[in-house]
Amino acid sequence: MKVIKIDKNTWAGGIDSLRSGYRLFGPVMQGDAHDYKELTSDETPDLAYTNTRLSPKSVVFPQSEPMFTYSLDESDPEHHLLKDAPKDYSPRAVIGMRPCDAKALALVRMNFDTEEYRDPFWMNSYEATTFVGLACDNPCETCFCTSAGCGPYHEEGLDVLLSDCGDAYVAKALTEKGETFLAAAGWAAEGDASVFEPKKAEAEAKITCKVDSSNLRDKSSLALYDAPFWKELSFACINCGTCTYTCPTCWCFDIQDENKGNEGVRMRNWDSCMTSLFTLHGSGHNPRDQKHQRFRQRFMHKLKYFVDKYDKGLMCVGCGRCVQQCPANIDIRSICNKMNGYEAAS
Amino acid sequence: MKNLMEHMGVEPGRLQFSWISSAESTKFVDVVTKVTESVKALGPNTNYVKKSAAKV
Amino acid sequence: MQNPYKAYPVRIDDIQVATADKTLRTFKFVFLNPEDEEKFAYKVGQFAELSIPGQGEIPIGIASSPSEKGFVMFTVFRTGKVTAHLHNMKVGDIMGIRGPLGNWYPIEDLEGKNIVIIGAGFAFTTLRSTIKYLLEPENRKRFGRLDVIYGARNPGMILYKDELVEWEKRDDINLNLTVDGTDDPDWKYHTGFVPTITETQAPQGDDDTYAILCGPPMMLKFTKPVLDKLGYKADHIIMSLENRMKCGIGMCGRCNIGKELVCKDGPVFTLDKLNEMPEEDQ
Amino acid sequence: MESYIGKIREISERLLNDGTVECVVGFRKGTVALTNEPCMITNANDAEALVWDENCRLNLANYITGRKEKIAIIAKGCDSRNIVNHIIENKISREQLVIIGVPCKGMVDKNNPEQLQANCATCTHRNPVIYDELCADLVEEQKDVDRYEDVRKVEAMDTQEKWAFFEDLLSGCTRCYACKNACPLCYCPTCFVDESQPQWVGKGTDPIDIRTYHFLRAYHCSGRCTDCGACEAACPQNIKMRNFTKKLEKDCFDLYGWEAGLTVDQRPPLDSFKLDDPEKFIM
């Protein structure tokens, strides 16, 4: 694949050239932190960030998204029929996302793109998007991507990988989509492919936090489920949705109808396994009524059920957002280690 | 109740409270008239409207 | 591939109050576009999302049998926002059905076998579908002995009474009705909980006899050991579960038990399989 | 702080050893900077894990709601006021509790550890209002602090400015509900946001739904909020939702001279009736 050198003084111009062919998304300082948003015509992505507060999953999977519209007006011949909500699946690009977030979307894809069903909303957005990654040369203290099957220069799920080399970015086109993107920006100068390996090694070395998940695959799901530590581990948890909303690999959602007069929209909204309503039956029975049950569900899903279901590793890329943002200091790293080291008394 | 609504930017006069006994029919009429007048004078509230559902 | 969230438009063709306390109603739906009925080809034990624009969706087991053509039937308990609205709808109203969803009772694998169907409460719907299907002349001869144990709280709560009366007259089905309790002096069937009646009325388990169960968690919990005692092996006990669902296609994430999704990998599991899955509620 | 910790451990160990309590609710050292984790210990040997410093922002009263056992709880001023609330609202009984009071000099801002958390900077109840043991001498309460400067700033705005102020304030909210879940007052078995019959508020991210959630929650806390700041400390988006609750807190103070959680002997103004209650709002 091609390697291109992008002089930083051609960066803004290249971005401008891309605007006609792509809806651009990128990290921008919003309030007191960086988050992803659709760039206005005078904005360029701000690549001087360590990590964004929320992941770019919302580019593909918005927190609230219309699925269908309908009319409740019985004089309308098409009343009570679901009509496709208007969608814009023209090409879009996320510029400067972290490799971990791209891998996360590749993992989430397994949920939305299955043999039996294909989620059209998620998949159409995903396929419309060119993912332009920015390698992570200065990881945070809470990053543990190298323990989660990922890394600061991980390429999975990306179309282009950029590495910041001072006065230039060196861009590796990883897919055809990526090449098209670079060409559309007008960046064509040949770059030095050899910069990646040493920079990668250097960045990986900076990630000192190690989490051990090596035994999880062979552990018994039932034994882990019945392990005695869940109540204690979950004590501090307040069951808010912070970890699930901030997590790039969490995909759970709810479907809700919202009416206004005789018009309405069937929406889907992010949901969270941390809430009790998530699993409440119509009968009033709730299989996950208690805090530790919901807590266990989250970690068992990420670290065991997903591992068993797909055999593609953890449903976690080690971005560390949940660790940083949890109000109660629930730390997936220690929980993973605990599960990994658990031996059921025979 | 009223104070926080006004504090967050709902116009004074849009939210009103009264205590009317079931025997006070004239007071009921007076209050309803007064409330209707003051709300009409304010016109429709454009802030407290859902935007996303309307937009789609 | 079709958008799996989009419901087929249907018209309510018939509404019957199903129980004495009026908390259950049986709805028959007709597809607005006849070709949708073919796309909706289903098997016994599957469910669908009843989709009422403006209210939401509810996952409900299909009560009609694939052998019944021209309509699909659901019996719905009034409990939440959507079901309350549905109970107030009229014949002729337009809504949607999305499905069929989930797996099914593996009836076709049971050819030549004896089947005992055990149900309780308003979970009897998909079992009604199953019995109806098995009793079709071209199907009945393909299977061995057919036993049914069906329990309700009281006689007024028994679903599909007219059909039960018809089935009772037949000699190719052994029907055991029971109620938890009744003060009706004319009640001529069993009184007692389903597990108890199962213990005395169900045939002994053997390699050629399979049990199909659907009912509330308590009934399932106490019937399992009874079947075990009767000699049913775990892979001969077929159970249908329920959980809160939204998408019905394995994507929204809420209905899992362990790694299995009740909406897509289920709702039908053998006890054998369930024993490998964590017991939620703990 | 070292002396606090020593004393907390010593008291906890004693209470667990002599069987006075079955568990101690406190904090243990966090795994990331500027954070500690609420914990419950049941074994005297684990008392060594307990810590105390200026990063114990969460309100521990939140962790004892409805519990049945005998509990020792570490309580700074605001925690103790919420314990009083809990006792008044029958969420726990006084007899179940041994309150280990912590005279508090304020928690530091999680985003700016150089300064105190906003509510702590103007706090006038640093000492626990109710306690059985103390882990240090009482501290001097702050006097002459202007508790409501921020509220008055908003009060001075015109209607549109107010609307815009709160629009901007809430713009990052993802409705993760960390604020309500960190709040010891928010213990309703079903929160109004989760009700469907009727559905009071939409579930999406429409600004109106977000605003409705925040101001309705504030109402539910009026006359009860101790301004402990757990909501803001918990918020991953750094939303300053105390702008809602504090207005009501100020109103309660102005109208009824009421500060929540100071005594178990008096019913809060909003669940009692007095002939001389001001009724200015009734036309």
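**View 1. Leu162(A) and its bridge partner in strand 9 of chain A, Ala171(A).** In this predicted model, strand 8 of chain A is joined to strand 9 (residues 168-173) of chain A by 5 bridges, and the two run antiparallel. Together strand 8 and strand 9 of chain A form a hairpin with 3 residues between them, and in the turn Gly166(A) adopts a positive phi of about 80 degrees.

**View 2. Strand 8 (residues 160-164) of chain A and its parallel neighbour, strand 7 (residues 129-134) of chain A.** The pairing of strand 7 with strand 8 of chain A extends over 3 bridges, and within it Val132(A) stands opposite Val160(A) of strand 8. Strand 8 of chain A is mostly covered, with 4 of its 5 residues buried.

**View 3. An open sheet of 4 strands in chain A, with the order 5-4-11-10 and antiparallel pairing.** Strand 5 (83-84) and strand 10 (253-260) of chain A stand at the edges, where each has a single partner strand, so one side of each is left without a neighbour in the sheet. Strand 10 of chain A is joined by 8 bridges to strand 11 (residues 263-270) of chain A, which runs antiparallel to it, and Ile255(A) stands opposite Arg268(A) of strand 11.

**View 4. The fold of chain A, with 12 helices and 11 strands.** The radius of gyration of chain A is 22 Å, close to the 20 Å that the globule rule gives for 346 residues, so the chain is as compact as a globular protein of that length. Of these 346 residues, 52% count as buried, and among contacts in chain A with a separation of 6 or more, 70% involve residues 24 or more positions apart.

Key: Residues numbered from 1 in each chain as written. Chains lettered and ligands numbered in written order. Predicted model: local features only at pLDDT ≥ 70, side-chain atom pairs only at ≥ 80, totals over all residues. Pairing = 2+ DSSP bridges. Rg over C-alpha atoms; globule rule 2.2 N^0.38 Å. Buried ≥ 20, exposed ≤ 12 C-beta atoms within 10 Å, placed from the backbone. Contact = placed C-beta atoms within 7 Å.
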